[in-house]
Amino acid sequence: MSRIGKKPIDVPAGVKVTISGNVVTVEGKGKLSFTLPPHTAVAQEGNQLLVSQTDEVREASAMHGLARSIINNMVVGVSQGFKKELAIVGVGYKATLSGQKLTLSLGFSHQIVYDLPATIKATVTPENQIIIEGCDKQLVGEVAAEIRRFRPPEPYKGKGIRYVDERIILKEGKSVG
């Protein structure tokens, strides 16, 4: 059995969980649904969810922990939400937001226009930071990674888009002599 999978998931007040067959739907600030992988089942007891294995095969243990983690992230997402912060570093590099379109000026000959998914909320601060928020942990992380891929930090001056808590180790430039 999976150690992670054995832990119960606490469902906070204001979050509604619906289990129909092998589909788990969680509603709160948003609505997320997940189809259970093979060899797993979910049961609700009071304000807790219990994920269990239906078979004793090797794959079942891995799927058990995976299903529990995904369902827990769904519950946390619809109750608290997830947030990623990106920092834009570089002279003349900037971001503007209009509706669901993020426009980035990153030193290229053209501006990059990125369409945000409907469930993602972005904010651009005056300090050249982009804050990405949403209830789906995977989607928030993927959007942040896609934006970072437009101009990853380079190792000599550190210019580019990076996560706020990311540490870039700068290389030494050419030495004369």
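Analyst: Happy to. R151 lies over the face of F108, at 4.3 Å from the ring centre. Before we go on, this is a predicted model, in which local features need pLDDT of at least 70 and side-chain atom pairs count only at pLDDT 80 or more, while totals for chains, interfaces and linings use all residues. Residues are numbered from 1 along each chain as its sequence is written, and side-chain values use heavy atoms, with hydrogens and water left out.

User: What makes R151 count as lying over the face of F108?

Analyst: A charge sits over a ring if NZ of Lys or CZ of Arg is within 6 Å of the ring centre and within 35 degrees of the ring normal. R151 is 4.3 Å from the ring centre of F108, so the distance falls within the 6 Å limit. The charged end of K84 likewise sits over the ring of Y163, 5.5 Å from its centre.

User: Why is Y114 called buried, and F150 partly exposed?

Analyst: Buried means under 20% relative accessible area, exposed over 50%, and partly exposed in between (1.4 Å probe, protein chains only). Y114 has 10%, so Y114 is buried. F150 has 27%, so F150 counts as partly exposed.

User: What makes E133 and K121 a salt bridge?

Analyst: The term asks for a side-chain nitrogen of Lys or Arg within 4 Å of a carboxyl oxygen of Asp or Glu. The side chains of E133 and K121 meet at 3.4 Å, N to O, so they qualify. The two residues link distant parts of the chain, with E133 in strand β12 (residues 129–134) and K121 in strand β11 (residues 121–125), 12 residues apart. At 29% relative accessibility, E133 is partly exposed.

User: How many salt bridges does the structure hold?

Analyst: There are 5. Among them, K83 and E85 have their closest N and O atoms 3.7 Å apart, and E142 and R149 have theirs 3.6 Å apart. E85 is partly exposed at 27%, as is E142 at 30%, whereas R149 counts as exposed at 55%.

User: How do you know that β11 and β12 pair?

Analyst: Two strands pair if DSSP finds at least two bridges between them. β11 and β12 have 5 bridges in the antiparallel sense, so they meet that test. For instance, the bridge partner of T125 in β12 is Q129. The open sheet of 4 strands has the order β11-β12-β7-β13, with antiparallel pairing. β11 and β13 stand at its edges, each with a single partner strand, so one side of each is left without a neighbour in the sheet.

User: What about β9: which strands does it pair with, and is it mostly covered or open?

Analyst: Strand β8 (residues 94–98) is joined to β9 by 5 antiparallel bridges, and 4 bridges join β9 to strand β10 (residues 112–115), also antiparallel. A95 has L104 as its bridge partner in β9, while T103 has V113 as its partner in β10. Strand β9 (residues 101–105) is mostly covered, as 4 of its 5 residues are buried.

User: Why is the span of helix α2 called close to the expected one?

Analyst: The expected span is 1.5 Å times one less than the number of residues. Helix α2 (residues 58–79) has 22 residues and reaches 33 Å from its first C-alpha to its last, close to the expected 32 Å. Its buried residues include A60, M63 and H64, and α2 is followed by G81, whose phi is positive, near 90°.
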